[in-house]
Amino acid sequence: MKTTRNLLFSLFLLLLTVSCYDDLDDVFIPANDLEIKNFIWSAMNDMYLYKADVPNLADDRFATQAELDEFLKGFSSPENLFYDGLIANHDEFSFLVEDYKKLEKSLDGINLTNGMQYGVIAYSETSEEVLGYVRYVLPNTSAEEKGIKRGDLFNTVDGVQLTRENYFRLLQPASYTIGLAEINEDEISSTGETVTLQKEEYSSNPVYIAEVLDTPEGNVGYLMYNGFTSSFDEALNEAFGMFKAEGIENLVVDLRYNGGGSVETASDLASMITGQFKGEIFSKEQWNEDYQILLETTAPKSLINLFNDRIKTGAAINSLGLGKVYFITTLRTASASELLINSLKPYIEVVQVGENTTGKFQASTTLYDSPDFRRNGANAGHTYAVQPLIYKTLNANNVSDYVNGLTPDYEISESIRNLGTLGDPQEPLLAAVLDIIEGREPTMNLNSKKLKVLGENQMYDPLYQKMYSEEPLPLFEQNVTF
């Protein structure tokens, strides 16, 4: 029997700003395994960007509901179905969550943390032993209270040596004790000092540093921005109000640890940096074939994101009107960070210092088990949700698909032997940017090997290296007849 698919444009709005959702009041009736799997398949069949690359998602794959059910029963769990049966081989970023309430908190910048933001590297390329290093510490957290600081090293947790195999598990609990370490020449050894850290629910302001540096070339604004979290857009706009009041002539945006976030916030930040391009194309969207054709036919403007002059609260954007901007990047720089850099390039001079970025140019959205995949009316019997890639982004010149990341103009890597102090003009990466601004060739960190980071604390965040859409999305009513 032929499957028919009728996509009708709807005026429904899928609002993904989830901080103020109320808990569902329905009587809890647990959903069965097959019911959950049917939701997952339906959501992916509808909106997944790479649907055409997954035969199991084809509209004519199953002739009857019974055939689909039999297929779904062949997977041991919803997770097994999602990751082994419905994801394209080249997709590293779509994911499934068992508890969407945790995901919603993450979207608002609320996570469980002890405040120690760290990376994990191996002792050597062949060593099984690994070393943790502190990148920065969040204010008013256990790590700050215990005196942990950027550059601190640790090699044990609860007395157990960290290895490639165990570090993720050992650093996951709400409370643990780290053993500090040091490097003498090429030897890593324990200092004998231990620190116990406690995780708590924490709302993280991504505007970590916003300051003005006095240089021979005039005032330089320095912004260390660690996540495109829309609930802190006002704080971001206030930082640019300060830059504007101080009359900065150059701006350095430090995205070295920024794994992405809201597309709308990326667009707003671009407008804060510039301001002279209101109404021009910031980025374009390319959806799966069904959605792309229909949107091009019925709502072509929805495929374009524009530079604007207001944040979502309605407040006027504090724009600097710059014609050049400097970005600090590392391999950790991903998603919405890359969108910002790529989308500014057609309009102003962009100078990138640091390392290649991650290489993620797709956006995702949260789909719930409801008739239209929105949060309202979600099945009260479970809290599974899918976060599939739904479109890829292109800049105004149609540049996309930077699978190997965005290449820096000046390559320099962090060294755990000399991390420096964030925001200090002598910190190696910032010092390199200031050299460029002042017309000098930057002192490159030629003797430092790139940090081959095995893991980091952000890996526990459901939105690790994710870019998500908070804009009202077009929804289409799907009628699939078996």
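## Helix α1

Helix α1 is mostly covered, with eleven of its 15 residues buried. The buried set comprises Ile36, Lys37, Asn38, Phe39, Ile40, Trp41, Ala43, Met44, Asn45, Asp46 and Met47. This description, like the rest of the report, concerns a predicted model.

The length of α1 can be checked against expectation. At 1.5 Å a residue, its 15 residues should span 21 Å, and the C-alpha atoms at its ends are 22 Å apart, which agrees. At the start of the helix, a side-chain oxygen of Asn32 comes to within 3.2 Å of the backbone nitrogen of Leu34.

## The chain as a whole

The chain contains eleven helices and 23 strands. Of its 482 residues, 56% count as buried. Among contacts with a separation of 6 or more, 76% are between residues 24 or more positions apart.

In soluble globular proteins, nonpolar side chains tend to be buried together. Here the largest nonpolar core has 75 residues, and the members touching the most others are Phe240, Leu251, Ile273, Phe327 and Leu344. Helix α1 (residues 33-47) supplies the largest share of this core, seven residues. A second, separate core has 23 residues, including Ile209, Tyr326, Ile412 and Ala432.

Leaving aside neighbours within four places in sequence, Leu344 is in contact with Ala270, Ile273, Thr274, Phe307, Val325, Phe327 and Val350. Two of these partners, Ile273 and Phe327, are themselves named among the core residues that touch the most other members.

Strands of a sheet pair through backbone hydrogen bonds, either parallel or antiparallel. In this model, six strands form an open sheet with mixed pairing, in the order β11-β12-β13-β16-β17-β21. Its edge strands are β11 (207-215) and β21 (410-411), each of which pairs on one side only.

Within the sheet, β13 (residues 250-254) and β16 (residues 324-329) pair in the parallel sense over three bridges. Val253 stands opposite Phe327 of β16.

## Surroundings of Tyr225

Tyr225 is found in strand β12 (residues 218-225). Its relative accessibility is 0%, so Tyr225 counts as buried. The side chain of Tyr225 reaches the backbone oxygen of Gly227 at 3.1 Å.

Beyond its neighbours within four places in sequence, Tyr225 is in contact with Pro206, Val207, Leu236, Asp254, Leu255, Asn258, Thr265 and Leu269. Val207 lies 18 residues from Tyr225 along the chain, and their C-alpha atoms are separated by 4.9 Å. Another of the contact partners, Asp254, also belongs to a network of salt bridges that links Arg150, Asp254, Arg256, Glu414 and Glu427.

## Salt bridges

The structure holds 21 salt bridges. One of them joins Asp290 to Lys51, with the closest N and O atoms 3.5 Å apart. Asp290 lies in helix α9 (residues 289-298) and Lys51 in the loop between α1 and α2 (65-73), so this pair ties together parts that are 239 residues apart in sequence.

Another salt bridge is formed by the side chains of Glu104 and Arg375, at 2.6 Å from N to O. This pair links distant parts of the chain, with Glu104 in helix α4 (residues 100-107) and Arg375 in the loop between β18 (362-364) and β19 (385-387), 271 residues apart. Glu104 has a relative accessibility of 7% and therefore counts as buried. Arg375, at 3% relative accessibility, is likewise buried. A further salt bridge connects Asp152 with Lys149, the closest N and O atoms being 3.1 Å apart, and Asp152 counts as buried at 13% relative accessibility.

How values were computed
Residues are numbered from 1 along each chain as its sequence is written. This is a predicted model: local features need pLDDT of at least 70, side-chain atom pairs count only at pLDDT 80 or more; totals for chains, interfaces and linings use all residues. Side-chain values use heavy atoms; hydrogens and water are left out. A nonpolar core is a set of buried Ala, Val, Leu, Ile, Met, Phe, Trp, Tyr and Cys residues joined through side-chain atoms within 4.5 Å. Buried means under 20% relative accessible area, exposed over 50%, partly exposed in between (1.4 Å probe, protein chains only). Helices (H or I, at least four residues) and strands (E, at least two) are DSSP runs, numbered from the N terminus. Contact means heavy atoms within 4.5 Å. A polar contact is a pair of N or O atoms within 3.5 Å; within protein, one must be able to donate a hydrogen and the other to accept it, and residues adjacent in sequence count only if both atoms are side-chain atoms. A salt bridge is a side-chain nitrogen of Lys or Arg within 4 Å of a carboxyl oxygen of Asp or Glu. The expected span of a helix is 1.5 Å times one less than its number of residues. Two strands pair if DSSP finds at least two bridges between them.
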